[in-house]
Structure formats: C-alpha cells, structure tokens
Amino acid sequence: MEARLSVGEELDLGTAGRSAGDQFVFGGDLMSTEGGEEHVVGSIGGFCVTTDLERNAGQCASTAVLPEGQITVQGRQAGIPVPGPVVNAVTGGTGAFRRAHGQVTQRVLTPATWQLTFGLLDVRPYRPEDGRGPDEAPRPVRPSLPGK
C-alpha cells in the first residue's frame with residue numbers, strides 16, 4: 001500500500017529555525033495496486049513533533065482510514081519530514097481493526113510517496129455477537145496488508 005501525500009507542511013513553532021516542538025503535518029490518499037490496477041483504498045493523516053534535534057527525530061502519530069475501519073499508528077521517527085525506513089506500533093483501531101495490534105513498516109519512495117506495509121494481528125470481520133446491525137458491519141479483511 002502506498003501513501004500519496006497531498007499535504008505535507010513543516011511548522012516552525014517556538015524558537016525560529018529548527019527547534020524542539022516543530023511539527024510536520026501530513027495527509028493524503030492510500031493507494032493499492034492489487035490486481036495490477038492502481039486505486040484509492042482510503043486516506044491517511046498525521047503529524048510528527050520534533051523532540052531530538054541532534055538526530056532530527058520526533059514522535060509521530062497517524063491514522064489510516066479504510067472502508068473496514070481505522071488503524072492508528074504511533075512511534076519515534078528520525079529524519080523528519082523524510083524518515084528512512086522505520087517500524088512503528090499499531091496502537092489500535094476501529095471497525096474490523098478494533099482489536100488489531102502489530103506494526104507498520106514505512107519506506108520513503110519519494111518525499112510525497114511512502115510505502116506502508118501493515119503487519120496486523122487479531123483483525124476480525126463482523127460477527128452478530130458484536131451487537132451491531134448489518135449496515136454497520138465492516139467487510140472482512142486479510143490480517144496483513146501487503147506493501148504494494
């Protein structure tokens with residue numbers, strides 16, 4: 001899956017120039033090439049806050065929004081706003097991902113295109129015992145989203 005950013009803003013907060021507390025805010029589409037055809041499968045948005053000037057690193061949080069639900073991710077990244085390959089924790093989700101945990105690997109292909117590979121555990125499709133009506137049922141998903 002690829003994140004194609006349409007928003008990528010660096011915010012210089014506090015002391016002028018690179019300083020602790022500066023932020024990088026991003027958002028865009030999630031794309032899949034599954035089946036040989038490229039199509040939008042969702043969206044992503046998030047932010048990083050600079051906490052380590054020596055390593056140009058900080059804490060980042062993002063949310064992937066998919067038809068089956070949302071997946072939240074959090075962790076430390078170096079090289080903000082263009083980090084090298086990084087693995088962050090899946091911290092939760094909604095819908096089919098409400099019990100999900102695992103990790104996501106992010107590789108920068110270009111500053112505005114990131115490859116995301118989700119390794120999810122405990123992803124469950126809709127079950128009647130969840131207490132939701134059929135209109136609220138997420139579609140079943142595979143427990144892992146390949147980085148395509």
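Author: Ala, Val, Leu, Ile, Met, Phe, Trp, Tyr, Cys and Pro count as nonpolar, Asp, Glu, Lys and Arg as charged, and the others, Gly among them, as polar. This is a predicted model, in which local features need pLDDT of at least 70 and side-chain atom pairs count only at pLDDT 80 or more, while totals for chains, interfaces and linings use all residues. Residues are numbered from 1 along each chain as its sequence is written, and side-chain values use heavy atoms, with hydrogens and water left out.

Reader: How many helices and strands does the protein chain have?

Author: The protein chain has zero helices and nine strands. Both are DSSP runs numbered from the N terminus: helices are H or I over at least four residues, and strands are E over at least two.

Reader: What percentage of the residues in the protein chain is buried?

Author: Of the 148 residues, 36% are buried. Buried means under 20% relative accessible area, exposed means over 50%, and partly exposed lies in between, with a 1.4 Å probe and protein chains only.

Reader: How many cavities of 30 Å³ or more does a search of the whole structure find?

Author: The search finds one, and about 180 Å³ of space lies in the largest cavity. On a 1 Å grid over the protein atoms alone, a cavity is a set of points where a 1.4 Å probe fits but cannot get out; lining residues have an atom within 4 Å of a point. Grid points are joined across faces, edges and corners, and the volume is the space filled by probe spheres set on the points.

Reader: Which lining residues are the closest to the centre of the largest cavity?

Author: They are F26, S62, Q77, Q106 and W114, out of 19 residues that line the largest cavity. By class, that lining has 14 nonpolar, five polar and no charged residues.

Reader: Let us turn to pairing. In what sense do strand 1 and strand 2 pair?

Author: Strand 1 (residues 2–11) and strand 2 pair in the antiparallel sense over nine bridges, and R4 stands opposite D29 in strand 2. Strand 1 and strand 8 also run antiparallel, joined by three bridges, with E2 opposite Q115 in strand 8. Two strands pair if DSSP finds at least two bridges between them.

Reader: I may wish to look at the cysteine in strand 3. Is C48 buried or exposed?

Author: C48, in strand 3, is buried, because its relative accessible area is 4%. Leaving aside its neighbours within four places in sequence, C48 is in contact with D22, Q23, F24, F26, Q59, C60, Q77 and I80. The C-alpha atoms of C48 and R76 are separated by 8.6 Å, although the two are 28 residues apart along the chain.

Reader: One last topic, the backbone. What is the phi of N56?

Author: N56 has a positive phi of about 50 degrees although it is not a glycine. N56 is in the loop between strand 3 and strand 4 and is partly exposed, with a relative accessible area of 24%. D122 also has a positive phi, near 65 degrees, in a residue other than glycine. D122 has its place in the loop between strand 8 and strand 9 (144–145) and is partly exposed at 31% relative accessible area.

Definitions and conventions: 1 Å grid on protein atoms, 1.4 Å probe; cavity = no way out; pocket = protein on both sides within 12 Å on 5 of 7 lines; lining within 4 Å. Contact = heavy atoms within 4.5 Å.
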